[in-house]
Amino acid sequence: MYMTKNTFVVGFMLFAIFFGAGNLIFPPKLGFESGPDFWLAITGFVVTGVGLPLLGIIVSASYKGGYKAALQRIHPWFSICFLVAIYLTIGPFFAIPRTAATAYEMAILPFLGEQTPISLLIFTLVYFTLAIWIGLNPSKMVERIGSILTPLLLITILALVISSFVLLSDNPSSTNVMAAPMVNGILAGYNTMDALASVAFSVIVINAIKSKGLSDEKALSKQTAMAGVIAAILLALIYLSIGWIGNKLPISADIVADLAAKKQDLGTYILNVAATQAFGDLGRTLLGAIVSLACLTTAIGLIVSVSGYFNEIFPKISYKTYAIICTLIGFGLANQGLSAVISKSIPVLLVLYPIAMSVIFLLLLNLFVQLPLLALRISLILVTIVSILSVAGVSITENLPLKAYSMEWLPFAVGGLLIGTILSRFVRAK
């Protein structure tokens with residue numbers, strides 16, 4: 001029997017740290033834009049927005065030592081360079097400050113009307129104080145997030161969903177027409193980039209389950225996978241619910257055009273309107289609470305993941321020191337504002353994400369078919385080169401297959417795998 005109370009607590013924790021503010025914004029926008037094809041679009045979104053992170057957790061659980069050990073087999077330097085790049089990117093330099101800046105803009109700014117350096121400073125000071133308080137003791141993080149913060153997060157989201165269902169259930173779907181709704185949904189889920197986070201968060205899940213005294217590798221693998229499934233089910237239900245709100249909420253073309261002109265996010269607008277309609281002024285407070293909790297739990301998970309990884313590879317510096325440094329960097333960068341943080345993070349994320357997806361799929365395939373080491377190396381080298389050239393804007397990449405879908409790396413991943421397999425067999429034959 002592998003489904004225990006602890007599995008549910010860890011699953012709730014995993015859901016909470018995956019469920020950042022970006023995850024709140026994408027589904028309502030997709031729901032509005034997909035019109036009568038909502039179910040096709042949201043299905044595509046769930047496939048990549050939920051399926052890929054779940055695969056990332058399961059793959060990690062299937063290898064003794066997780067991604068760190070599996071990637072060291074491909075090459076020790078690749079393991080260190082790739083994982084350090086991921087942890088720094090989704091940690092102190094981009095994702096952690098982005099959670100704080102997003103929480104401020106959605107939870108505080110609507111009440112102030114205008115951003116001021118002092119209000120941002122005060123908010124981020126409180127925000128990161130809470131984050132470091134929970135993150136400094138990772139053994140208690142599971143209980144604090146899985147048992148306390150996650151239920152609060154789910155209750156606030158549930159309140160918004162139920163009230164919106166009562167208000168909007170008789171409304172028709174939006175009249176928008178979306179070309180290839182399933183494909184657009186898949187791409188929207190792909191762009192959440194949660195597959196990248198699954199590489200980091202898998203360490204938290206495994207350590208949390210180990211901390212309860214489970215050491216058997218087979219049982220550990222199954223409990224980790226089950227915690228991932230619990231998180232995936234919760235994520236899918238939330239995405240369906242808030243996507244449905246976007247599909248049913250009436251929004252005029254003039255408002256959409258005005259939002260586009262002001263460069264304001266449509267998903268954020270939909271959630272604000274839904275919350276205000278449901279609860280009046282209290283609605284904005286409710287939405288602020290949802291966003292703040294979603295961002296805070298993600299930030300805590302990232303602080304723990306990053307600090308734990310660096311403490312493993314450079315153990316001379318304590319975990320607590322890494323956690324404090326990570327928090328201070330995030331605090332400093334968050335005070336630059338959301339736009340500055342996002343603009344600097346996108347190019348790095350676009351380089352790392354194809355590599356991370358290739359790693360997940362190759363290691364998954366390797367569980368069923370033993371792949372030659374040369375095949376893994378060639379595939380990942382080609383994907384890395386194509387990702388860097390594509391983000392750098394090199395003209396030759398503009399005409400690559402699947403470029404329009406931001407998946408131009410995929411043929412190179414498959415091609416490198418085939419070339420490496422053929423070369424390995426040729427070498428063995430010789």
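**View 1. Helix α12 gives the most to the lining of the second largest pocket, with six residues.** This is a predicted model, so keep its rules in mind: local features need pLDDT of at least 70, side-chain atom pairs count only at pLDDT 80 or more, and totals for chains, interfaces and linings use all residues. Residues are numbered from 1 along each chain as its sequence is written, and side-chain values use heavy atoms, with hydrogens and water left out. The second largest pocket holds about 350 Å³ of space, and 24 residues line it. Gly65, Gly66, Tyr67, Val203 and Ile206 are the ones nearest its centre. At least two lining residues come from each of α4 (51–62), α5 (66–74), α6 (76–93), α12 (194–210), α13 (217–248) and α16 (281–313). Helices here are DSSP runs (H or I, at least four residues), numbered from the N terminus along with strands (E, at least two). By residue type, the pocket lining splits into 10 nonpolar, nine polar and five charged.

**View 2. One cavity of 30 Å³ or more turns up in the model.** Two or more of the lining residues come from each of α1 (5–18), α4 and α13, and α13 gives the most, with four. The cavity lining has nine nonpolar residues, one polar and no charged. On a 1 Å grid over the protein atoms alone, a cavity is a set of points where a 1.4 Å probe fits but cannot get out, while a pocket is an open set with protein on both sides within 12 Å along at least five of seven lines; lining residues have an atom within 4 Å of a point. Points are joined across faces, edges and corners, and a volume is the space filled by probe spheres set on them.

**View 3. The structure holds zero disulfides (a disulfide being a pair of cysteine sulfur atoms within 2.5 Å).** For Cys295, the nearest cysteine sulfur is that of Cys326, 16 Å away. Cys295 counts as buried, at 1% relative accessibility, and Cys326 is buried too, with a relative accessible area of 3%. Buried means under 20% relative accessible area, exposed over 50%, and partly exposed in between (1.4 Å probe, protein chains only).

**View 4. The chain is assigned domain 1 (5–349) and domain 2 (370–429).** These bounds come from an automatic or database domain assignment. Taken over C-alpha atoms, the two domain centres are 29 Å apart. Eight residues from domain 1 and 11 residues from domain 2 make the contact (heavy atoms within 4.5 Å).

**View 5. Trp409 sits in the loop between α19 (373–392) and α20 (410–429).** At 3% relative accessibility, Trp409 counts as buried. Leaving out residues up to four places away in sequence, Trp409 touches Tyr190, Pro354, Met357, Ser358, Val383, Val386 and Ser387. Val391 is 18 residues from Trp409 in sequence, and their C-alpha atoms are 11 Å apart.

**View 6. Phe8 is found in helix α1.** With 37% relative accessibility, Phe8 counts as partly exposed. Phe8 and Ile419 are 411 residues apart along the chain, with 43 Å between their C-alpha atoms.

Definitions and conventions
Nonpolar A, V, L, I, M, F, W, Y, C, P; charged D, E, K, R; others polar.
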